[in-house]
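Here is a briefing on aromatic ring contacts. Look over the sequence and the structure before reading on.

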Amino acid sequence: VLISFMEPYYYALMEGPITFIEGYSFICFFTLIVVNCGGPKKLIQLMEETDEPLVCTKYLCKRCKLCPDTKKEFYRNCNRYLFHFCWTRTIVTVLGTMCYYSKTKIGYLTYIACSC
């Protein structure tokens with residue numbers, strides 16, 4: 001980020017690696033939690049043994065697609081969301097950066113939309 005203060009033109013180039021590193025750090029943190037709980041099977045077993053409902057079913061009035069019925073599906077969804085947070089977000093950011101350097105008005109607007 002310090003480079004972006006010295007050379008703002010290159011900040012867009014830095015966004016691709018930054019978004020990948022952010023996503024990768026979330027995946028590593030999630031993996032750390034899973035490993036400390038004894039692995040995926042043990043974690044799912046621990047969640048199923050407790051009578052506590054999932055946070056999304058406990059605090060939201062209506063059921064939504066994001067909050068599944070079983071805790072095993074909840075674990076799978078967490079993995080899927082982290083995958084998309086790391087990889088899909090990085091790909092969209094890189095495409096937005098390419099649009100930014102096209103030096104057109106629509107390219108700049110696309111870059112702004114991808115950065116949100």
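Rings of Phe, Tyr and Trp (its six-membered ring) pair if their centres lie within 6.5 Å. Planes under 30 degrees apart count as stacked, over 60 as edge-to-face and the rest as tilted. This is a predicted model, where local features need pLDDT of at least 70, side-chain atom pairs count only at pLDDT 80 or more, and totals for chains, interfaces and linings use all residues. Residues are numbered from 1 along each chain as its sequence is written, and side-chain values use heavy atoms, with hydrogens and water left out.

**Count and cluster**
- Tyr100, Tyr101, Tyr108 and Tyr111 form one aromatic cluster.
- The count comes to 8 aromatic pairs.

- Phe20 and Tyr24 are stacked, at 6.0 Å centre to centre and 15 degrees between the planes.
- Both lie in helix α2 (residues 11-36), 4 residues apart, about one turn of the helix.
- Helices here are DSSP runs (H or I, at least four residues), numbered from the N terminus.

**A pair between helices**
- Phe20 and Trp87 form a tilted pair, at 5.2 Å centre to centre and 55 degrees between the planes.
- This pair links distant parts of the chain: Phe20 sits in helix α2 and Trp87 in helix α5 (residues 71-100), 67 residues apart.

- Phe20 is partly exposed, with a relative accessible area of 28%.
- Partly exposed lies between buried (under 20%) and exposed (over 50%), using a 1.4 Å probe and protein chains only.
- Tyr24 is partly exposed at 47%, and Trp87 is partly exposed at 42%.

Terms used
Helices (H or I, at least four residues) and strands (E, at least two) are DSSP runs, numbered from the N terminus.
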